[in-house]
Amino acid sequence: MSLFNWVSLGFFLYLLSPILSLNGSSDIPSRFLNYAKKEELFDWMVGVRRKIHENPELGFEEFETSKLVRAELDKIGVKYKHPLSVTGVVGFIGSGKPPFVALRADMDALTMQEMVEWEYKSKVPGKMHACGHDSHVAMLLGAAKILQDHREELKGTVVLIFQPAEEGGGGAKKMIDEGALENVNAIFGLHVANKLPIGEVASRHGPLLAGSGFFEAIISGKGGHAAIPQHSIDPILAASNVIVSLQHLVSREADPLDSQVVTVAKFQGGGAFNVIPDAVTIGGTFRAFLKESFMQLKQRIEEVVTGQAAVQRCKAVINFLEIEKPFFPPTINDKYLHDYFRIVASDMLGIDKVKDMQPLMGSEDFAFYQEMIPGYFFFIGMQNETHKQLQSPHSPYFEINEDVLPYGAALHASLAARYLLEFQPEVTLPEENDHDEL
């Protein structure tokens, strides 16, 4: 048979493969969920999550968390690479050959004092897992356990990405720079949702979360006694005018149909009731879905800060903190993976439990992966209607309903296993890039 005919046949079979494989793989989600709900596996995930919760670590400082992840992977026989991006871990399950699909969990905590009184409260003053990353790690380890126990069903390779520094540090970008996505064809990630009921998931195709950046400005004047302001140059007045003017960037300059946000959340200046300070520091965040809008906001923030400070005879220096807190691109879900996700999630939970949602102005560094390969990010519910309403992420009262752990683990595992079955390559690929360490 000619090469053309072989390729044509391969392409024809590729088009048919989702139809052919659905019949053989549609039971994977329900099987994996039942497996994840087994008492032994559930208790193990709960234990892992609580250990991480008690010992929160900030971005690029997740040394004990990374050590725990590697120890658990060793116990279940999963090979991995370490370190990537200081504390990152990348595991591999399967054949070591294409296709490759990745699952990602973030590991870092927040600088926040936990106010929830319970047995496994944070033992580290001023640090807390207030965004659910402890549960994300536990769920991905749970998925690793499921996949490893069913590795004979995997028709390719699952890549497990345990990532540091999602909270502003851009850990995803550094993981990419160090090769975490080598050979990977697609990637999935999740986040717990406090208002979504347990057993439900939500997402959308296209823009899901906004791109984001941070800024900090020092506005300098001339300090003096509050009773004789004419001898001073008041940076507090200048900073106040700057903040008011920044609000006009969205209300007066942005297209109302193009969602944007500018928020000043930091204002530091002065320490006495009757002393005008020499300088004031303000800081905040700006967000948009379109790159052009994002860069326009950045330019105008700089112009407004320096211009309004000058009106009040002050000087301003602005820093966009791009090294410490890299700009996050918008999180944009692949349309084809959205359709695929809905099928898998529906097979596990029922179509009525798979919700479409509106975009949010929050941000996620998972977007860096999506700039490189097709990716899909979704939210998984953990609210039990019979219990109290859970607090939002980044609250000192944030809690995890641990009943979510089997759902997250099973969804991770199902998305990966089904992907490998349904997205087989058309032709045999060269083997020199395979992960032969498997």
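In what sense do strands β3 and β4 pair, and over how many bridges? Some notes for you as you look at the model.

1. Strand β3 (residues 100–106) runs parallel to β4, and the two pair over seven bridges; strands count as paired if DSSP finds at least two bridges between them. Asp 106 stands opposite Gln 163 in β4. To get from β3 to β4 the chain passes through helix α5 (residues 133–149), in a right-handed β-α-β crossover. Right-handed means that, with the strands pointing away from the viewer, the path from the first strand over the helix to the second runs clockwise. Helices (H or I, at least four residues) and strands (E, at least two) are DSSP runs, numbered from the N terminus.

2. This is a predicted model, where local features need pLDDT of at least 70, side-chain atom pairs count only at pLDDT 80 or more, and totals for chains, interfaces and linings use all residues. Residues are numbered from 1 along each chain as its sequence is written, and side-chain values use heavy atoms, with hydrogens and water left out.

3. On its other pairing, β4 meets strand β2 (residues 88–94) in the antiparallel sense over six bridges, with Phe 92 opposite Val 159.

4. Seven of the seven residues of β4 (residues 157–163) are buried, that is, under 20% relative accessible area with a 1.4 Å probe, protein chains only. Thr 157, Val 159, Ile 161 and Gln 163 lie on one side, and Val 158, Leu 160 and Phe 162 on the other.

5. Overall, the protein has eleven helices and 16 strands, and 51% of its 438 residues count as buried.

Note on methods
Buried means under 20% relative accessible area, exposed over 50%, partly exposed in between (1.4 Å probe, protein chains only).
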